[in-house]
Amino acid sequence: MQFIDRAEIEVQAGKGGDGLVAFRREKYVPAGGPAGGNGGKGGSVIFKASENLQTLLDFQYNRLFKAEDGTRGGPNNCTGANGSDRLIEVPCGTVVYERDTEEIIGDLVTPGQILCVAAGGKGGLGNRHFLSNSNRAPEYALPGLDGEHRFLRLELKLLAEVGIIGLPNAGKSTLISALSAARPKIGDYPFTTLIPNLGVVRKPNGDGTVFADIPGLIEGAHEGVGLGYDFLRHIERTKILIHLLDGTSIDPVADYGIIQGELSSYGRGLSERRQIVAINKIDAIDPETLQELETQLKNMTSNPVLSISGAARTRLDKLMGLVWESLDALENEEEMVETTSSWA
Ligand SMILES: Nc1nc2c(ncn2[C@@H]2O[C@H](COP(=O)(O)OP(=O)(O)OP(=O)(O)O)[C@@H](O)[C@H]2O)c(=O)[nH]1
Ligand SMILES: [Mg+2]
């Protein structure tokens with residue numbers, strides 16, 4: 001499956017039907033009054049978030065989405081038919097921007113959520129509407145209004161709570177496959193992962209939490225070097241990050257610095273995101289070196305530091321314990337903020 005997480009499309013809502021000018025012409029009714037009906041409303045273009053879609057691939061081929069026009073008002077005061085709406089399914093996590101102004105029109109997060117991206121035009125009023133004491137036979141009606149027309153940019157930002165980040169080859173994909181049912185490709189070379197992988201990990205209470213393994217970041221990723229930058233967007237919405245270090249690399253401390261640097265250069269709060277720093281591949285490191293490395297890292301960050309092996313599945317329960325603890329702590333903080341603001 002191709003992973004497409006950006007698209008540009010054009011949406012055109014339906015035009016409202018024109019109002020009609022008509023007079024009643026009935027046998028034996030000498031001067032029939034105005035009887036032109038109103039036009040029907042134009043259909044709208046509406047997005048709906050769907051759990052069944054994972055990419056914006058469909059929008060690569062199909063770029064123009066139109067809703068139906070309303071029909072003209074009828075005689076005998078009949079209102080024209082409304083145009084049908086055009087319903088378009090998008091994956092959960094799709095952010096919709098107005099292409100030229102970059103204004104966010106909406107963010108489709110929960111399954112079933114609906115967003116009108118182009119409203120249908122109102123139908124025009126028929127001449128019957130203009131009947132008054134001073135004008136018994138209005139000979140005019142209003143045209144239907146045009147439907148909204150917009151160019152949109154769609155951006156998919158995955159909705160994972162936990163992001164796994166690190167340099168290429170750190171063991172991110174191995175870790176997500178040890179923790180969840182996700183089976184991404186694993187290779188002993190950098191840039192094995194070319195698209196983000198999602199995996200659902202069960203909390204002790206049975207709730208599912210989504211983890212995302214994104215392609216490896218390298219120095220300069222925020223400027224577009226390697227694959228990383230494009231994918232940093234997918235961890236923007238995570239609550240915590242597992243920062244995975246290859247303990248067997250030449251200089252894991254420098255590796256740590258590179259990733260931190262990339263997060264700060266990217267901005268959008270990523271460098272302040274709560275992290276769990278995990279030294280990986282401890283099955284292949286001698287205990288003394290590991291001890292030293294742990295001490296060094298602990299001096300560099302206030303985030304928890306621990307050592308694991310994704311491949312040997314060593315201390316993954318400890319890692320997960322820290323993940324759940326951090327998520328719970330964040331939830332409690334959010335609740336505190338909510339209660340405080342409701343007092344204010
Ligand atoms: N010894 C050892 N090797 C590991 C461990 N975890 C992963 N590896 C190996 O490290 C290499 C890279 O693993 P991946 O899981 O593909 O790494 P990645 O971080 O997803 O790499 P990219 O997708 O390229 O960014 C593979 O050869 C893995 O078998 C571990 O705990 N111990
Ligand atoms: Mg990978």
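Which domains does the domain assignment of the protein give?

## Domains

The assignment gives domain 1 (6-156) and domain 2 (162-343). Domain bounds come from an automatic or database domain assignment. The centres of domain 1 and domain 2, taken over C-alpha atoms, are separated by 47 Å.

## Model and numbering

This is a predicted model: local features need pLDDT of at least 70, side-chain atom pairs count only at pLDDT 80 or more, and totals for chains, interfaces and linings use all residues. Residues are numbered from 1 along each chain as its sequence is written, while chains are lettered from A and ligands numbered from 1 in the order in which they are written.

## Shell around ligand 1

Ligand 1 is surrounded by 25 residues (C-beta atom, placed from the backbone, within 6 Å of the molecule). The closest are Gly171, Ser173, Asp188, Thr193 and Gly216. Helix H2 (residues 172-179) contributes the most, with three residues. Helices (H or I, at least four residues) and strands (E, at least two) are DSSP runs, numbered from the N terminus.

By class, the shell holds nine nonpolar, twelve polar and four charged residues. Nonpolar means Ala, Val, Leu, Ile, Met, Phe, Trp, Tyr, Cys and Pro; charged means Asp, Glu, Lys and Arg; the others, Gly among them, are polar.

## Positive phi angles

Arg268 is not a glycine, yet has a positive phi of about 50°. Arg268 sits in the loop between helix H4 (252-266) and strand S13 (274-280). Arg268 counts as exposed because it has 12 C-beta neighbours inside 10 Å. The cut-offs are 20 or more other C-beta atoms within 10 Å for buried, 12 or fewer for exposed, and in between for partly exposed, with C-beta atoms placed from the backbone.

Arg313, also not a glycine, has a positive phi of about 60°. Its loop runs between strand S14 (305-307) and helix H6 (316-343). Arg313 has 14 C-beta neighbours inside 10 Å, so it counts as partly exposed.
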